[in-house]
Every structure is written in C-alpha cells, then in structure tokens.
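Hi,

Here is the structure I promised to send over.

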Amino acid sequence: YATRKMGLSYQNMGYSHYNAAFKCYEHAALLGDVEAIFRVAECYASGMGVNVDNHMAFLYYLKAADANHVEAELAVAKCYEKGLGVTRDLNEALKWYRQASKAGNAFAKCAVAQLYEKGKVNGKKDYDQAFYWYLDAARAGNSDAQYKMGKYIDNGWETSKYEYNSSKYW
C-alpha cells in the first residue's frame with residue numbers, strides 16, 4: 001500500500017517523475033497490491049514511465065480484473081472490443097463488460113447495450129436486450145444511456161407503468 005502511494009506521489013509530481021512512479025507501482029504489484037497492478041497496466045497503456053505496450057497493459061489489466069478490480073474489468077473489455085494488446089473478441093468483451101456491470105458500472109452497462117444494438121452479439125441486432133441494458137445504465141446515471149432511453153421511448157418503447165415513461169424525462 002505504501003509503495004503504491006509513493007508511486008502516486010511521484011506521478012502527481014509530473015512527467016519527470018513518471019519513471020519513479022512506474023517502479024513503485026511495479027514493486028507494489030509484485031507484492032500483490034491489486035490497485036498497483038491496475039496502475040502498472042495504465043502505465044503500459046499510456047506510456048507513463050515506460051514504453052507503450054498494449055499487450056503488457058492487457059496482461060496487467062487481466063490480472064487485476066481476475067482479482068475483481070472493476071476498472072480493470074472495464075479495461076479488459078475495451079481491449080477485447082478494440083483488439084488492443086489481444087486478438088479482438090466481442091464475446092469476451094461482452095463477458096467482461098457484464099462482469100463490470102455487476103458492480104454497478106454504468107459505462108459497462110451502456111457498452112453492453114451498444115453491443116446488442118449494433119448487432120455485435122451473435123451477429124444480429126437485439127433491441128430488446130439493448131433497451132434493457134440502456135434502461136439499467138440510464139438508471140445508474142449514464143448520460144449516453146439516458147439519451148438513448150429518450151430515443152427509444154420516442155420510438156414507442158415503454159419502460160413500465162411504474163416508471164416515468166417520457167422521453168423528456170430521460
């Protein structure tokens with residue numbers, strides 16, 4: 001914990017201290033600090049104190065995600081969706097977005113909805129599933145999902161008789 005916090009201090013000191021921040025994160029990660037593992041991944045993804053390496057970023061994200069780090073779960077999903085550091089696999093992306101959504105991550109819920117809406121799940125568009133996930137994301141405060149809910153309601157979809165069912169609401 002202390003080593004990771006020292007890394008954060010170095011990071012906050014600016015660009016000239018990024019190498020020291022990375023070394024602290026890396027040391028804390030070797031000691032099993034899940035947040036430090038995530039930060040090492042972020043360093044590899046952004047080039048902070050180390051050369052950009054999307055594959056290494058993915059491996060560290062995956063390690064943190066396997067320890068239930070929600071931001072890492074989201075990052076793993078994005079890597080799979082975009083093919084960053086790993087072969088593009090939309091089914092794996094969906095799996096990890098769903099995992100992150102279990103912790104209430106509104107962005108992950110919206111990402112699941114978008115995959116269904118765009119037909120990237122099983123090769124066909126599924127508006128029922130998209131609507132369900134957008135509604136869940138909208139309730140969790142995601143503004144993109146709230147906008148989509150307004151559009152869906154304008155097109156005749158209803159949320160339920162107990163919920164404010166107006167596109168203006170969303």
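Let me start with histidine 69: its relative accessibility is 10%, so it counts as buried, the cut-off being under 20%. This is a predicted model, so please read everything below with that in mind. Histidine 69 sits in the loop between H4 and H5. Its side chain makes a polar contact of 2.7 Å with the side chain of glutamate 35. Leaving out residues up to four places away in sequence, histidine 69 touches Val34, Glu35, Phe38 and Ala64.

Arginine 39 is partly exposed, with a relative accessible area of 24%.

Lysine 95 pairs with glutamate 92, the closest N and O atoms being 3.5 Å apart. Both lie in helix H6, three residues apart, which is about one turn of the helix. Lysine 95 has a relative accessible area of 45% and is partly exposed; glutamate 92, at 23%, also counts as partly exposed.

Aspartate 136 forms a salt bridge with lysine 109, with 3.4 Å between the closest N and O atoms. This one links distant parts of the chain, since aspartate 136 is in helix H8 and lysine 109 in helix H7, 27 residues apart. Aspartate 136 is partly exposed at 22% relative accessible area, whereas lysine 109 counts as buried at 9%.

Now for a charge without a bridge. What is the nearest side chain of opposite charge to the buried glutamate 81? It is lysine 120, 4.6 Å away, and glutamate 81 has no salt bridge; the cut-off for one is 4 Å. Glutamate 81 belongs to helix H5 (residues 70-82). Beyond its neighbours within four places in sequence, glutamate 81 is in contact with Arg88, Leu90, Ala93, Tyr97 and Leu115.

Not counting residues up to four places away in sequence, tyrosine 97 touches Leu74, Ala77, Lys78, Glu81, Ala108, Ala111, Val112 and Leu115. Tyr97 is also one of the residues that touch the most other members in the largest nonpolar core, which has 51 residues; Val40, Tyr61, Val76, Tyr116, Tyr134 and Met149 are the others. Helices H2 (18-30), H3 (34-46), H4 (54-66), H5, H6, H7, H8 and H9 each supply at least two residues of this core. In soluble globular proteins, nonpolar side chains tend to be buried together.

Finally, helix H8. Its 13 residues (127-139) should span 18 Å at 1.5 Å a residue, and the end C-alpha atoms are 18 Å apart, so the two agree. At the start of H8, a side-chain oxygen of aspartate 126 comes to within 3.3 Å of the backbone nitrogen of aspartate 128. Buried in H8 are Ala130, Phe131, Trp133, Tyr134, Leu135, Ala137 and Ala138. Their cover includes helix H6 (90-102), helix H7 (106-117) and helix H9 (143-154). After H8 comes glycine 141, with a positive phi near 100 degrees.

Cheers

Key. Residues numbered from 1 in each chain as written. Predicted model: local features only at pLDDT ≥ 70, side-chain atom pairs only at ≥ 80, totals over all residues. Heavy atoms only, no water. Helix = DSSP H or I, 4+ residues; strand = E, 2+ residues; numbered from the N terminus. Expected span 1.5 Å × (residues − 1). Buried < 20%, exposed > 50% of the residue type's maximum accessible area, 1.4 Å probe, protein only. Contact = heavy atoms within 4.5 Å. Polar contact = N/O pair within 3.5 Å; in protein donor to acceptor, adjacent residues only side chain to side chain. Lys, Arg positive; Asp, Glu negative; His and termini not counted. Core = buried A, V, L, I, M, F, W, Y, C linked by side-chain atoms within 4.5 Å.
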